[in-house]
Amino acid sequence: MRQILLLGATGSIGQQVINEVREYPKDLKLVGIAGQRQVMALAVLAREHNVPFVAISRHVSAEESALFPSSCQIFSEERALEDLVEAVDCDMVVVATSGIAALAATWRAIRKGKIIALASKEILVVAGEWVMAEAQKYGGVILPLDSEHNAIFQCFGARLSVNPSSLRQVWLTASGGPFLRYSREAMASVTPKQALKHPIWNMGPKISIDSATLANKGLELIEAKYLFHLQPEQIGVVIHPQSYVHSMVEWVDGSIIAQLSTPSMRFPIHYCLFYPERIPSSLKTLSFREAIQMNFEVPDEVKFPCLRLARESLSRGNAGPVVFNASNEVAVEAFLSSQLNFFNIPVVIEKTMDAMLPMDTSSLEYALETDRLARERAGREITLLLR
Ligand code: MG
């Protein structure tokens, strides 16, 4: 029986993890769940799975506490996630919170030497250097839950690194998002509603917008660099609208290994929850008894500047990715609240990057301070643009 601590239980990935737990009640057990705000949803889950520990990163009233089973211990307020990780004995921590909300909690889990299934790519973008070094030091295992990185992990033979002299490069696939066939002009006037409607994946709002601008692929490029210890030029991006191939590894002899399945996050989730075993699943995968079409295209970095900006951020000091991520997040929020047009998301990122980079950070604390400064700066760039 694998004991699982789930951070981000009410989000899109969290819910799919719970579906997996429901399907394998003899093998998987939730020993702790955490969420940001949705107390009611967490209480329902705590009752359904008889979860002994819950964390909510805000104040919880007495009436709200009463919604939970009486045996359930509740951690609340700002440090709730960290306290939960510290208190609970588990085999695996699944990190599926949005942004870097679970950075400190992930840090704790690493120091406890846990297996960490990591879906929150921003944690690696902002703190990749330190997170990976810390995992190495404390014997913590980082399992990539992001589908592309999970694919590379599988192609590497269930490892994060391979002999560098045998590897030529990796290829991250991208669906291209809802605006792949839009002209540059048409993209200027798209609404949040259009951008939220992804052709393949059903995801939360922030990552849906990131998929529409290809900033998500940019973040994944940075994530891949830290996770697999790659040089930026060893990470290629290819548009593959059907999203059957989740990523590929190209070896020095020219052989290319790919991982394929139908597009569902349940595949990487299933893989991680049972790692290192392979357990039968009921998931419907590709059937080669029917004809299947797959296309691959070169991404248009003029139409999707976020991809170029992410790559550039890697060559402008190790604070570059922090600034890219923070300014993107602020710009996406402004777009979702209809303040900023779609076209201006990369403009805000580029202006913030130009104002702050190159810059180097020497510690995690400094990286977090840079994150805060970049958010402020991006906010100011938006105000200037709207004048
Ligand atoms: Mg992904």
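Throughout this tour, a residue is buried if its relative accessible area is under 20%, exposed if over 50%, and partly exposed in between, with a 1.4 Å probe and protein chains only. The model is predicted, so local features need pLDDT of at least 70 and side-chain atom pairs count only at pLDDT 80 or more, while totals for chains, interfaces and linings use all residues. Residues are numbered from 1 along each chain as its sequence is written, and side-chain values use heavy atoms, with hydrogens and water left out.

**Starting point: H49**

Select H49, which is placed in helix α2 (residues 39–49). Helices (H or I, at least four residues) and strands (E, at least two) are DSSP runs numbered from the N terminus. With a relative accessibility of 12%, H49 counts as buried. Contact means heavy atoms within 4.5 Å. Apart from neighbours within four places in sequence, H49 is in contact with I18, V21, R22, K29 and L30.

Across the boundary, 33 residues of domain 1 are in contact with 41 residues of domain 2.

A nonpolar core is a set of buried Ala, Val, Leu, Ile, Met, Phe, Trp, Tyr and Cys residues joined through side-chain atoms within 4.5 Å. The largest such core has 134 residues, and L7 and I33 have the most contacts inside it. Domain 1 and domain 2 each supply at least three residues to this core. Select I33: leaving aside neighbours within four places in sequence, its contacts include L5, L6, L42, F53 and L84.

**The magnesium site**

Centre the view on the magnesium ion. Donors are N, O and S atoms within 2.8 Å of the metal (3.2 Å for Na, K and Ca); water is not among the atoms, so sites may look incomplete. Which residues are the protein donors of the magnesium ion? They are D146 (OD), E148 (OE) and E220 (OE), at 2.1 to 2.2 Å from the ion. E148 belongs to helix α7 (residues 147–155) and E220 to helix α11 (residues 215–228), so that this pair links distant parts of the chain, 72 residues apart. Both E148 and E220 are buried.

**Strand β8 and its partners**

Select strand β8 (residues 167–174), where 6 of the 8 residues are buried, so the strand is largely enclosed by the rest of the structure. Two strands pair if DSSP finds at least two bridges between them. β8 pairs with strand β10 (residues 245–251) in the antiparallel sense over 5 bridges, and L167 stands opposite W251 in β10. Strand β9 (residues 235–239) runs parallel to β8, joined to it by 5 bridges, and here T173 stands opposite V238.

**Aromatic pairs**

Rings of Phe, Tyr and Trp (its six-membered ring) pair if their centres lie within 6.5 Å; planes under 30 degrees apart count as stacked, over 60 as edge-to-face and the rest as tilted. By this rule there are 10 aromatic pairs. The rings of F156 and W251 have centres 6.1 Å apart and planes at 50°, so this pair is tilted. F156 lies in the loop between α7 and β8 and W251 in β10, so the pair ties together parts 95 residues apart in sequence. F156, at 1% relative accessibility, counts as buried, as does W251 at 16%. Elsewhere, ring pairs link F179, Y182, F335 and F342 into a cluster.

**Last stop: helix α12**

Finally, select helix α12 (residues 266–274): 9 of the 9 residues are buried, so the helix is largely enclosed by the rest of the structure. Among them are R266, H270 and F274.

Note on methods:
Domains from an automatic or database assignment.
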